[in-house]
Amino acid sequence: MEIFQLHPLVRELAVKSCQMGPAKDPAYLPILEAFHTGIVLSVSARNILEYGTNLGYSSCLMAHTLKARYGEGQIYTVDKADQTEAKEWAKKFEVEEYITHENSVTWEYKHKIPVYDYILLDADHSYDGWKKEVQSVLPHMDQWTLLAVHDTLDNEPWKQVEREELKDFQSKML
């Protein structure tokens with residue numbers, strides 16, 4: 001059995017991403033790497049939507065997995081911020097043909113395909129923004145689409161949300 005190998009530049013990009021983001025400790029990065037590559041492999045994802053690009057850490061990990069395991073697939077990564085550096089990292093990883101960088105407010109993004117296999121929401125961490133993001137992706141999900149949400153519940157606006165409101169929203173998603 002062939003063992004999947006992470007790209008040699010993963011550690012360099014991971015440390016740089018940590019320096020820019022709220023998580024300053026790179027010790028948690030092996031967990032993220034296993035999560036992103038594991039999700040792509042476990043659901044055989046070929047069409048992936050990512051809201052929130054930053055430096056492209058997640059998209060490079062997932063694109064490397066697509067390339068190494070399947071030789072096909074596409075990640076649509078959407079962010080309102082400039083994605084020049086993320087595009088440079090994709091080129092260093094030699095996965096630029098697997099990533100489509102889109103500059104847009106996430107919930108206003110004009111989707112390129114009808115249904116995604118995997119959707120990662122990691123852009124607007126406010127409750128209202130997250131609701132808009134989820135509402136924008138629901139029409140592009142089927143019963144097999146996996147939806148993941150990154151670092152929302154620890155943020156202050158979420159602490160004010162009533163559990164009943166979350167349950168109501170969850171029931172609409174199921």
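Two strands count as paired if DSSP finds at least two bridges between them. Keep that in mind as you open this one, which is a predicted model.

**Stop 1: the middle of the sheet**

Select strand S1 (residues 47–51) together with S4. The two run parallel and are joined by 4 bridges. To see one of those links, pick Glu-50: its bridge partner in S4 is Leu-120.

Now zoom out to the whole sheet. It is open and has 5 strands in the order S3-S2-S1-S4-S5, with parallel pairing. Which strands stand at the edges? S3 and strand S5 (146–149) do; each has a single partner strand, so one side of each is left without a neighbour in the sheet. Turn the view to look along the strands and you can follow the twist, which averages 15° from one strand to the next.

**Stop 2: along S4**

Show the side chains of S4. Tyr-118 and Leu-120 point one way, Ile-119 and Leu-121 point the other way, and all are buried. On the S5 side, S4 and S5 pair in the parallel sense over 4 bridges. Click on Leu-121 and look across to S5 for its bridge partner, Val-149.

**Stop 3: two cores**

Next, select Leu-13, Ile-48, Met-62, Val-95 and Tyr-118. Of the 24 residues in the largest nonpolar core, these touch the most other members. Helix H2 (29–42), helix H3 (57–70), helix H4 (84–92) and strand S4 (118–121) each supply at least two residues of this core. H3 gives the most, with 6 residues.

Stay with Met-62 for a moment. What does Met-62 contact, leaving aside its neighbours within four places in sequence? The list is His-36, Val-40, Ile-48, Glu-50, Ile-75, Tyr-118 and Leu-120.

**Stop 4: a glutamate in S3**

Move to S3 (residues 99–103) and pick Glu-102. Is Glu-102 buried or exposed? Its relative accessible area is 16%, so Glu-102 counts as buried, the cut-off being under 20%. Draw a distance from its side chain to that of Lys-112, and you find a polar contact at 3.4 Å. Not counting residues up to four places away in sequence, Glu-102 touches Thr-77, Val-78, Asp-79, Gln-83 and Tyr-109, as well as Lys-112.

**Stop 5: the aromatic pairs**

There are 2 aromatic pairs to visit. Start with Tyr-76 and Tyr-116, which sit edge-to-face at 6.0 Å centre to centre, with 70° between the planes. Tyr-76 lies in strand S2 (residues 74–79) and Tyr-116 in the loop between S3 and S4, so the pair ties together parts that are 40 residues apart in sequence. Tyr-76 is buried, with a relative accessible area of 10%, and Tyr-116 is buried too, at 0%.

Finish at Trp-89 and Phe-93. This pair is also edge-to-face, with centres 6.4 Å apart and 65° between the planes. Trp-89 and Phe-93 are both buried.

Definitions and conventions
Residues numbered from 1 in each chain as written. Predicted model: local features only at pLDDT ≥ 70, side-chain atom pairs only at ≥ 80, totals over all residues. Heavy atoms only, no water. Core = buried A, V, L, I, M, F, W, Y, C linked by side-chain atoms within 4.5 Å. Buried < 20%, exposed > 50% of the residue type's maximum accessible area, 1.4 Å probe, protein only. Contact = heavy atoms within 4.5 Å. Polar contact = N/O pair within 3.5 Å; in protein donor to acceptor, adjacent residues only side chain to side chain. Axes fitted to C-alpha atoms, helices over the stretch in contact; angles between N-to-C directions. Phe/Tyr/Trp six-rings, centres within 6.5 Å; stacked < 30°, edge-to-face > 60°.
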